[in-house]
Amino acid sequence: MLYLHSLKESAEVFKALSTPMRLRIMELIYEQEMSMNDLAEALGLTNSAISLHVGKLESAGLVTIRTSSGKRGIMKIVQPVYSRMMVDMAPQIKPRHCYQDDIPIGCYTACDIHPTCGLSTTTNIIGELDVPRVFSYPERFRAGILWFGYGSVTYNLPNRLSAGQTLQELQISFEISSECPEINEDYPSDIYFEINGIPLGKWISPGDFGSRKGILSPYWWPELLNQYGLLKTLIVNSEGTFIDGTHRISRTTIQDLHLDYNSSIDLTFSVPRDTANCGGLTLFGGDFGDYKQDIRVKAYYDNPKVGNM
């Protein structure tokens, strides 16, 4: 989900979507995978005109372009980045202070792993596939992807609050999918989230995606392993816990977590063995899948000292 916090922040996106032709391009690429040549042909435009339109969408962060081999040589495939967009149109009465951190996929602090499972860096698979003990290997800190059939993995999130500051909202985004022994687009999995042992709810991943290679995945990455996921944002605020800002998964609020500047913040992803859809979990880092990011944490907080100056 693309979350824009003000009309000013949204200006470039609105400008990119301000013409019917670019709106039609977005509609087409959501329907099916299309190259620049496909779009030009479908819309009756020259290659230079389609390049101009797609360039505006890319600059606004709405599409990505990947190269692929085709019958006529190298093709440029245009793909959408987000499936939803949310804009805060009303101005914030008080300034929202924020800090952000990116947590590498391999920097978990605890795990309970059961096959099928594995870890990989951009250059090699770590240890052997389907052997849980490799999750303790020191090479795991360089991992860009991990997956397991059921179990859990926990990350300690940085707490940069100072005394007197109050946490208002956590936004945690990540690329995620199910984990099938091979590839299965229709393979639902119940993925649960909790912070410091407090349940936040669950999200059902629709499948283990492998109809194409991930945009960022290394060239050598095997076709039968996890290729890409969906970019999801877990939001905890005073109204509850949400996925992508619109789908509430529980009534657990940021106040229920009782976090202050001394608190440890442990985020756990889990797939219980006895859940209805035990379809595993895959987490993608910045060098795998479709999105150039690891687990991204944004923490919004009140800062009374600044407000009173």
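**Exercise 1.** Which backbone nitrogen does the side chain of Ser217 reach? Work from the predicted model.

*Solution.* 
- Step 1: Locate the residue. Ser217 sits in the loop that runs between strand E11 (198–205) and strand E12 (230–237).
- Step 2: List its contacts. Leaving out residues up to four places away in sequence, Ser217 touches Gln227, Asp287, Phe288 and Gly289.
- Step 3: The side chain reaches the backbone nitrogen of Gly289, at 3.1 Å.

**Exercise 2.** Classify Ser217 and Arg84: is each buried, partly exposed or exposed?

*Solution.* 
- Step 1: Take the cut-offs. Buried means under 20% relative accessible area, exposed means over 50%, and partly exposed lies in between.
- Step 2: Apply them to Ser217. Its relative accessibility is 10%, so Ser217 counts as buried.
- Step 3: Apply them to Arg84. Its relative accessibility is 43%, so Arg84 counts as partly exposed.
- Step 4: Beyond four places in sequence, Arg84 touches Met1, Leu2, Lys232, Asp244 and Thr246.

**Exercise 3.** Which residues of helix H3 (residues 36–43) are buried, and why do they fall on the same side of H3?

*Solution.* 
- Step 1: Pick out the buried residues. In H3 they are Met36, Leu39, Ala40 and Leu43.
- Step 2: Check the arc. These residues cover only 100 degrees around the axis, so they lie on the same side of H3.
- Step 3: Recall the helix geometry. An α-helix has 3.6 residues a turn, so residues three or four places apart point the same way.
- Step 4: Name the packing partners. The buried residues of H3 pack against helix H2 (20–31), strand E2 (34–35), helix H4 (47–59) and E4.
- Step 5: Look just past the helix.

Notes:
Residues numbered from 1 in each chain as written. Predicted model: local features only at pLDDT ≥ 70, side-chain atom pairs only at ≥ 80, totals over all residues. Heavy atoms only, no water. Helix = DSSP H or I, 4+ residues; strand = E, 2+ residues; numbered from the N terminus. Buried < 20%, exposed > 50% of the residue type's maximum accessible area, 1.4 Å probe, protein only. Polar contact = N/O pair within 3.5 Å; in protein donor to acceptor, adjacent residues only side chain to side chain. Contact = heavy atoms within 4.5 Å. Arc of directions from axis to C-beta.
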